[in-house]
Amino acid sequence: MMPAFVPHLPKADRFALRNATLPSVTVDGFQAPTCEGLLSADIVISGGKIEALLPAGSAPADLPSTDLDESMVWPCFVDMHTHLDKGHIWPRSPNPTGDFPGALETVKADREARWNAGDVRARMEFALRTAYAHGTKLIRTHLDSLAPQHRISFEVFSEVRDAWAGKIDLQAVALFPFDQIGDEAFFKDLIEVIVAHNGLLGGVTRMEGNLDAGLDLLFRTAADNGLDIDLHVDETQDKEVLTLKSIAEAKLRNRFEGAVTVGHCCSLTRQDADVAKYTIDKVAEARISVVSLPMCNMYLQDRQPGRTPHYRGVTMFKELAAAGVPTAVSSDNTRDPFYAYGDLDAVEVFREAVRIIHLDHPLDDAARVVTRSPADILGRPDVGRIAAGLPADLVIFSARRWSEFLSRPQADRIVMRNGMGIDRSLPDYRELDPLMKD
């Protein structure tokens with residue numbers, strides 16, 4: 001039996017990774033022949049940064065090196081829509097029905113009873129240790145922000161963000177029911193918290209009340225305070241629900257120049273063709289970015305007792321991308337009432353997205369959805385790509401081709417940060433046991 005291929009990183013300040021296979025969509029400043037969007041290269045690393053990308057086999061012969069034998073090398077990942085404040089509460093607050101209303105009620109009860117600063121911080125830290133070990137470098141999290149939770153969670157988030165600086169870069173979005181935007185005292189206080197902690201303005205939009213007036217207030221407030229926006233939108237299979245169109249029209253109407261991201265947009269796939277096309281065109285015109293959450297939406301959407309789901313729950317991802325809309329995929333919830341599973345592993349997210357959204361055949365550009373595309377949406381064009389001059393923040397896989405990569409969980413990957421391999425030990429769930437007790 002042939003032993004498993006396990007590359008060893010050279011113990012040197014300057015070295016080469018020879019005969020690497022790179023997803024070409026993640027590579028800047030270097031060109032080589034491609035097959036299925038994969039190219040071969042030698043990667044020269046010096047002082048923790050990528051010094052050069054060279055044709056495969058051409059790195060200087062006297063340079064300490066490792067022959068990767070065509071193993072894939074990716075940039076570290078970007079997870080642009082998560083819920084670090086909710087994560088890992090499933091053992092103490094399960095959602096037996098597995099549906100959306102059950103998730104809302106279960107999280108509400110758990111939040112009101114348990115989400116003190118210590119509880120939120122411990123679960124956030126556990127989640128970040130997991131994501132770091134899997135190879136993620138940049139995360140945006142939504143934080144439940146109904147009073148008084150907004151002040152608790154944003155304070156904890158800022159402390160955690162500082163503690164993790166240089167390992168995982170963090171952004172936070174205030175998540176609140178959109179009908180609360182009319183509560184002047186609450187909304188004013190929320191904005192003060194967001195500004196103080198350098199966050200983003202979010203919310204869950206619904207087709208109720210005076211939606212257009214609420215959106216106008218949202219965009220005016222964001223503009224006045226220099227805030228970007230990231231919204232939960234149309235997380236339903238009800239074809240009558242389409243706030244996405246209203247959001248695009250409101251951004252154009254208010255001439256809002258900040259970045260706007262929307263997540264989910266599930267009901268778009270249920271619209272009549274002409275309505276969906278109009279909405280997609282407006283989203284493109286308004287320069288709004290869309291993130292799909294395929295694992296969570298497959299879990300929650302169209303769940304009926306005793307019936308097989310008829311719909312996948314994801315948005316019209318390919319049509320949006322074809323219209324020029326920036327698109328990405330992300331983890332969403334992790335081991336909480338909205339999604340009972342997950343490990344903040346971008347490889348799992350990518351693998352499932354390929355299956356659920358049909359990002360394959362061809363796979364040439366598929367790697368962008370967890371690397372450069374979400375990095376660009378989050379305003380970090382220095383992340384999610386491989387190029388000379390960037391930090392050597394890389395993930396090495398034994399897989400050489402797409403079929404190998406997508407057929408196994410790639411648990412034997414090597415994660416490099418600043419040119420050095422990190423400890424990939426995952427935290428033990430037993431560490432959370434004290435938080436699960438009454």
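Me: How many bridges join strand β2 to β3, and which way do the two run?
Reply: 2 bridges join β2 (residues 34–35) to β3, and the strands run antiparallel. Strands here are DSSP runs of E with at least two residues, helices are runs of H or I with at least four residues, and both are numbered from the N terminus. Two strands pair if DSSP finds at least two bridges between them.

Me: What kind of model is this, and how are residues numbered?
Reply: It's a predicted model: local features need pLDDT of at least 70, side-chain atom pairs count only at pLDDT 80 or more, and totals for chains, interfaces and linings use all residues. Residues are numbered from 1 along each chain as its sequence is written, and side-chain values use heavy atoms, with hydrogens and water left out.

Me: Back to β2 and β3. What sits between them?
Reply: Their hairpin has 2 residues between the strands, and Glu36 there takes a positive phi near 55 degrees. Cys35 has Leu38 of β3 as its bridge partner.

Me: Which other strands are joined to β3?
Reply: β1 (residues 14–23) is joined to β3 by 8 bridges, antiparallel, and β4 (residues 49–54) by 5 bridges, also antiparallel. Ile43 of β3 stands opposite Leu17, and in β4 the bridge partner of Ile43 is Leu53.

Me: What's in the turn between β3 and β4?
Reply: That hairpin has 2 residues between the strands, and Gly47 in the turn has a positive phi of about 60 degrees.

Me: Is β3 largely enclosed or open?
Reply: Largely enclosed by the rest of the structure, because 7 of its 9 residues (38–46) are buried. Buried means under 20% relative accessible area, exposed over 50%, and partly exposed in between, with a 1.4 Å probe and protein chains only.

Me: New topic: helix α7. Which of its residues are buried?
Reply: Ala276, Thr279, Ile280, Lys282 and Val283. Seen down the axis of α7, they fall within an arc of 160 degrees (taken from the directions from the helix axis to the C-beta atoms), so they line one face of the helix.

Me: And what do those buried residues pack against?
Reply: They pack against α6 (243–253), β13 (288–292) and α9 (317–322), where contact means heavy atoms within 4.5 Å.

Me: Which exposed residues are on the face turned away?
Reply: Ala273, Asp274 and Lys277 are carried on the face turned away from the buried side of α7.

Me: What comes just after α7?
Reply: Arg287, which takes a positive phi of about 55 degrees.
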